[in-house]
Amino acid sequence: MLDFHLGGGWVSSASKSTTEVYRFDVKAIFLVLLITVLFSKGSLIVEGIEISNCTTIYAPGYYVLVNDIIDRTAGTCIKITSSDVVFDGAGHKIDGVGEGGLFNSPHGVEVSSTLTNITIKNLVITDWEIGIFANTSKVNIYNNTLINNSYGIYMYTWDTNVVGNNLSGNSRAGIQLYGSNNTIENNYFSGKENVGISVSGDNNLIGHNTGSCGYDQFSGFQCTGISAEGNYNVIIGNNVYSNFEGISVGLGANNSIVNNTVYNNQKGIEVNHGENNTISGNVLRSNTDWGIRLYQSSLNIIINNHIRLS
């Protein structure tokens, strides 16, 4: 005998000698089946709202770019005007016109002000004045590739994460960020850029980034790998090489420059108009002019750095 009571009930099964009674919850079984469908080889399959052309995202949700957008001639391509948005490029390209944007392709992706909880990831953005622009808080910029823009990422922001991006040939800066309490981590910059990563503000973490801004002593092109202005910033574990200046910290106090590897630059680490900064545990080698320089700075701590000529 087999009796069912749906909605969280009983199943009883009778045999010649025994009766077995099983308790089950239909909702729980449905949840297990749903999770099984959603997960494939350990990865959650998310179906997003499809985007195939330049547009404005004006409602919360998960949005996915489904094709490349090439040679967009004017204006901003993707404008986000709602909080709680994930925009996933899925490896597709948003392309403007002309190297460095030529000022007629302002922003590849723009996040409007006063928003929060925005994620932009997995995009390739090329040939814009600014690849990704934001003027708001709590933005996550993950795993994007930004090439041949004037600025790869340009933000006025706080409580934001800029992580795992690849920046190449963005003529003015790979990352230009103004604000506090941000994390800029595990990014890679290359090609000719005036500065690889530039941060102005307080309590920012600039960690484990790698790159060269394309310094060429023969052509006269000068550039800085990582630049920070402000107070209580932590610059840690970066690998910075072949720049005119490796790491520059200025106009601030109580910054920590620790455990970085800085090599093959014209100048290694410089603190300019700063005080109470700590420079510790860095490896500096083959920097032509100097390993560490303090200019009009006081009360700084320099300890346990390894400096050699080659």
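I started with Thr224: leaving aside neighbours within four places in sequence, Thr224 is in contact with Asn194, Val195, Gly196, Cys213, Asn243, Glu245, Gly246 and Ser248. Contact here means heavy atoms within 4.5 Å. Before going on, I noted that this is a predicted model, where local features need pLDDT of at least 70, side-chain atom pairs count only at pLDDT 80 or more, and totals for chains, interfaces and linings use all residues. Residues are numbered from 1 along each chain as its sequence is written, and side-chain values use heavy atoms, with hydrogens and water left out.

**Entry 1: Thr224 and its strand**

Thr224 sits in strand E27; strands (E, at least two residues) and helices (H or I, at least four) are DSSP runs numbered from the N terminus. Is Thr224 buried or exposed? I found it buried, because its relative accessibility is 14%. For the cut-offs, buried is under 20% relative accessible area, exposed is over 50%, and partly exposed lies in between (1.4 Å probe, protein chains only).

Strand E27 covers residues 224-229, and five of its six residues are buried, so the rest of the structure largely encloses it. Which strands pair with E27 in the parallel sense? One is strand E24 (residues 195-200), joined to E27 by five bridges, and another is strand E30 (residues 245-253), also over five bridges. Pairing requires that DSSP finds at least two bridges between two strands.

**Entry 2: the 12-stranded sheet**

Next I traced an open sheet of 12 strands with parallel pairing, in the order E6-E8-E10-E13-E16-E19-E22-E25-E28-E31-E34-E37. Strand E6 (49-51) and strand E37 (301-303) are at the edges; each has a single partner strand, so one side of each has no neighbour in the sheet. Neighbouring strands of this sheet are turned by 10° against each other on average, direction ignored. The axes behind that angle are lines fitted to C-alpha atoms (for helices, over the stretch in contact), and angles run from 0 to 180 degrees between N-to-C directions.

I zoomed in on one pair: strand E13 (residues 118-121) runs parallel to strand E16 (residues 139-142), with four bridges between them. There, Ile120 is opposite Ile141 in E16.

**Entry 3: Ser82**

Where is Ser82? I found Ser82 in the loop between strand E9 (78-80) and strand E10 (85-88). Ser82 is buried, at a relative accessible area of 8%. Beyond four places in sequence, its contacts are Ile57, Tyr58, Ala59, Pro60, Leu115 and Ile118. Ser82 and Thr114 are 32 residues apart in sequence but 9.2 Å apart C-alpha to C-alpha.

**Entry 4: Asn287**

Asn287 is in the loop between strand E35 (283-285) and strand E36 (290-295), and it counts as buried at 9% relative accessibility. What does the side chain of Asn287 reach at 3.1 Å? It reaches the backbone oxygen of Val262. Its side chain also makes a polar contact of 3.0 Å with the side chain of Asn265. A polar contact is a pair of N or O atoms within 3.5 Å; within protein, one must be able to donate a hydrogen and the other to accept it, and residues adjacent in sequence count only if both atoms are side-chain atoms.

**Entry 5: totals**

I counted one helix and 38 strands in the protein. Buried residues make up 47% of its 310 residues.
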